[in-house]
Amino acid sequence: MSIKQKLKDQEVKGEIKFFLRVIGSILVALSGFILLIDKVTSSIKLDNNFGYSDTETFLWVLGQTLSPLLILLASLFKPFRTSYLIPIYIYSIQLYWVFKPNVRFDNVYLQAYAVGSCVFFLLLLLFIYWVNSLKLKREKEEEFFQFEVRNTIELLKKEVLSKSE
């Protein structure tokens, strides 16, 4: 196989990886939008609500159940990390609605809360990344120190052995 062919194969693999990441990101976004299915389909009434008092409650529970499963499925495609902000944003709104169900979607405070939750989540991720990088740096420094100690001990052994002979 020629170098040109190998480069072309790598390029195709890169394009496929990118395409799969885009599909994963779309699935993550869809998992967020599923959470709003009860709001979008409020005019639909089903004959069988599977024991729930109304169709809206049934669809809400169904959306709450399917959303995490869809996120898990999407994670297999290694989606772009920023796509996770969509379900986080909508989950934040859902949590707000748990305590204040009469608030409308276009409420300024609701949107500020949801955006703030996303910013907090991003800051939390950055903090975890920073702590992890400090940990890795410390481990590398310890590894280097141990390497230096071993080398110094070996040199001292050689020096002591050469003097004793």
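Reader: Is Glu-142 buried, partly exposed or exposed?
Author: This is a predicted model, in which local features need pLDDT of at least 70, side-chain atom pairs count only at pLDDT 80 or more, and totals for chains, interfaces and linings use all residues. Residues are numbered from 1 along each chain as its sequence is written, and side-chain values use heavy atoms, with hydrogens and water left out. Buried means under 20% relative accessible area, exposed over 50%, and partly exposed in between (1.4 Å probe, protein chains only). Glu-142 has 45% relative accessibility, so Glu-142 counts as partly exposed.

Reader: Which residues form the negative surface patch?
Author: Patch residues have over 30% relative accessible area and no salt bridge; like charges are joined within 9 Å, nonpolar side chains (Val, Leu, Ile, Met, Phe, Trp, Tyr) within 5 Å. Asp and Glu count as negative, Lys and Arg as positive; His and the chain ends are not counted. Glu-142 sits in helix α5; helices are DSSP runs (H or I, at least four residues) numbered from the N terminus. The negative patch is formed by Glu-139, Glu-141, Glu-142 and Glu-143.

Reader: Which residues gather in the patch of positive charge?
Author: Arg-81 lies in the loop between α3 (55-75) and α4 (85-99), and its relative accessibility is 75%, so Arg-81 counts as exposed. Lys-78 is in the loop between α3 and α4. Lys-78 is exposed as well, at 61%. The positive patch gathers Lys-17, Arg-21, Lys-78 and Arg-81.

Reader: What is phi of Lys-78 near?
Author: Lys-78 is a residue other than glycine, yet its phi is positive. The value is near 50 degrees.

Reader: How many salt bridges does a search of the whole structure find?
Author: A salt bridge is a side-chain nitrogen of Lys or Arg within 4 Å of a carboxyl oxygen of Asp or Glu. Arg-104 and Asp-106 meet in one, at 3.9 Å, N to O; Arg-104 and Asp-106 are exposed. Glu-154 and Lys-157 meet in another, at 4.0 Å. The search finds two.

Reader: Why are Glu-154 and Lys-157 about one helical turn apart?
Author: Glu-154 is partly exposed at 40%, and Lys-157 is partly exposed at 47%. Both lie in helix α5. They are separated by about one turn because their spacing in that helix is three residues.

Reader: What is the centre to centre distance of Phe-127 and Trp-130?
Author: Rings of Phe, Tyr and Trp (its six-membered ring) pair if their centres lie within 6.5 Å; planes under 30 degrees apart count as stacked, over 60 as edge-to-face and the rest as tilted. By this rule there are five aromatic pairs. Phe-127 and Trp-130 form a tilted pair, with 40 degrees between the planes. Their distance, centre to centre, is 6.0 Å.

Reader: Which residues form one aromatic cluster?
Author: Phe-50 is found in the loop between α2 (37-40) and α3. At 55% relative accessibility, Phe-50 counts as exposed. The cluster is formed by Phe-50, Tyr-52 and Phe-58.

Reader: How many Å apart in space are Ile-86 and Val-28?
Author: Ile-86 is in helix α4 and is partly exposed, with a relative accessible area of 29%. In sequence, Ile-86 and Val-28 are 58 residues apart. In space, C-alpha to C-alpha, they are apart by 7.6 Å.

Technical notes
Accessible areas come from the Shrake-Rupley method with a 1.4 Å probe; for residues, only the protein chains shown count as cover. The place of a charge is taken as NZ of Lys, CZ of Arg, CG of Asp or CD of Glu. Helices (H or I, at least four residues) and strands (E, at least two) are DSSP runs, numbered from the N terminus.
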